[in-house]
Amino acid sequence: MMSSAELSKYVDHALKWRSQPGYLAEGGSNFESVHVLLGRFLADQHSPNPLPDQSLLDENPQFQWGQGRPLEKVINSQADLEKLMLQPRLFREAIAIIEPWEHVGYNPLGEHVRASGNVAYIAQKVADCDSLLFPLWSSGLLNLDQLIPILSSGIAVVVEGGDPSVRDATTFAAGQASLADLHRFTEELLLSRSPTSAPAIFICLGHQLAAQSHIRLIQQAVDQVLGMDTLERDKNGKALCALKTVCRQIQQVGESLPVEKKTGHRIADTWHHPEFAVGPNEYKEVGHRQLLHYQSPDDLTSAIPQALITAHEVTADEFEGVIDTAIEYEHELNIAMFHSDEVNEEAILLANWAYRLLHDTIIPHRVVLASSPLSWLMQLPYAIEILCSTALDNGEVVTECSATCIIYKDFESKKIRRSFTCQFHPELLADLRVIGQRQPPSYQQLKQDDGARLFARLLYAGMQE
């Protein structure tokens, strides 16, 4: 029970939150209206704004979180999360933005860039879609049993970037959420994708956390399966035997797969190395880069086994990853990059191959696994596709794995669901400045911006699943 003082504080705090989703439209907003408006935004690059041409900065001139509408919904504590749980419409009709750190870095003007505000601006401006902010760097890791279902119930989850390096846990020391906390959160979010859940979009640091979490989840699966002697209700041990066979294959490849740069410099010898999933980039990328289609490595000149390369080529042929298709739609995509670490393609190729092996092995034994300690394996992704790369002006590829599509396949309906990760920042414009420090872009300017269009396309595609 809340004390009278706590209740008074709650009422005062809740009164600052709009009880009806939407800020621009007179009738408010809902899932269908957001979906329709996103579709209208993407239909062309010239049509007029279907929403009232009202500034989003009238009540919040600096466009800062917690300083006024439409950025008033900030979940700063476990108490705030529990208050949000009492108003389900607020989280069901909104985007949830996760901040692992207070900003994503410094732009050329020396300004720290809190990119989450740009996510909220684009969503509100083009589709009148509200945003909720979860600043884990200041709140700490909230109760995941409550947080993950709330996030999964909304329109989408956006895990933002951050200035620290996932290669160095000490760089998170000044925040309330450690690197280990963020791994726990990311793993739970990856496992939460279901036929009724929101898609996730992992940006920059989020993209890197997702890559590390893929490898960690696969390692946990391998260790658990190989550590089991029996599986209840597994007649003749067929299910466990089949899983052990593929887990040994995965373990063998993981323990022998090196990560090498194009220069020949070896970053990691096995998947146990701390930089197997994410390593230092050859060059720090800041500013606009053109997105290029991902090209498979040559097994004759790389240490990557042909089985991993082939498995990824099958995934790429089988599925549409939105970002790769957008490169065709828009002919040329120039997106803001802002990073010095990169996700290693070897790790993603391994994860794709391993996920597919595990999924296909589970299919004939899924009834046995559904009531066993291994049931969580059925929540793993089905595959991962690397969608694009970036290159220098001279054509030299700098970041092979600039974006991925995480693919989930339902065991019974066979329906496909997707989440996305990207090293680049689709929410940032060319000047790498945040709304409130720069002139807010108009609807027409956003329609012409590659990043804004790509971000809207990811939301639009995710809402259809």
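Analyst: **One residue and its surroundings**

Leaving aside residues up to four places away in sequence, Gln124 touches Arg18, Gly22, Tyr23, Leu24, Leu51, Leu56, Pro70, Cys129, Asp130 and Ser131. The model is a predicted one, and the contacts should be read with that in mind. Gln124 belongs to helix α5, which covers residues 116-127. Its relative accessible area is 1%, and because the cut-off for a buried residue is under 20%, Gln124 counts as buried.

Along the principal axes, the C-alpha atoms occupy a box of roughly 65 × 60 × 40 Å. Of the 465 residues, 59% count as buried, and among contacts with a separation of 6 or more, 77% are between residues 24 or more positions apart.

Burial can also be followed in a strand, and β4 (residues 200-203) has both of its faces covered, with Ala200 and Phe202 buried on one side and Ile201 and Ile203 buried on the other. Strand β3 (residues 156-159) pairs with β4 in the parallel sense over three bridges, and Val157 stands opposite Ala200 there. Together with helix α8 (residues 179-191), β3 and β4 form a right-handed β-α-β unit. Strand β4 is also joined by three bridges to β11 (residues 416-422), again in parallel, and in that pairing Phe202 has Thr421 of β11 as its bridge partner.

In α11, the residues Leu308, Ile309, Ala311, His312 and Thr315 are buried. They cover an arc of only 165° around the axis, which means that they lie on the same side of α11. The buried residues of this helix pack against α10 (238-254), α13 (345-362), β9 (383-391) and β10 (397-409). As for its length, α11 (residues 306-318) has 13 residues, which at 1.5 Å a residue should span 18 Å, and the end C-alpha atoms are 18 Å apart, so the two values agree.

To return to the residue you asked about, Gln124 is a buried residue of helix α5, and its contacts include Arg18 and Tyr23 as well as Asp130 and Ser131.

Key. Residues are numbered from 1 along each chain as its sequence is written. This is a predicted model: local features need pLDDT of at least 70, side-chain atom pairs count only at pLDDT 80 or more; totals for chains, interfaces and linings use all residues. Side-chain values use heavy atoms; hydrogens and water are left out. Helices (H or I, at least four residues) and strands (E, at least two) are DSSP runs, numbered from the N terminus. Buried means under 20% relative accessible area, exposed over 50%, partly exposed in between (1.4 Å probe, protein chains only). Contact means heavy atoms within 4.5 Å. The expected span of a helix is 1.5 Å times one less than its number of residues. The arc is that of the directions from the helix axis to the C-beta atoms. Two strands pair if DSSP finds at least two bridges between them. A crossover is right-handed if, with the strands pointing away from the viewer, the path from the first strand over the helix to the second runs clockwise.
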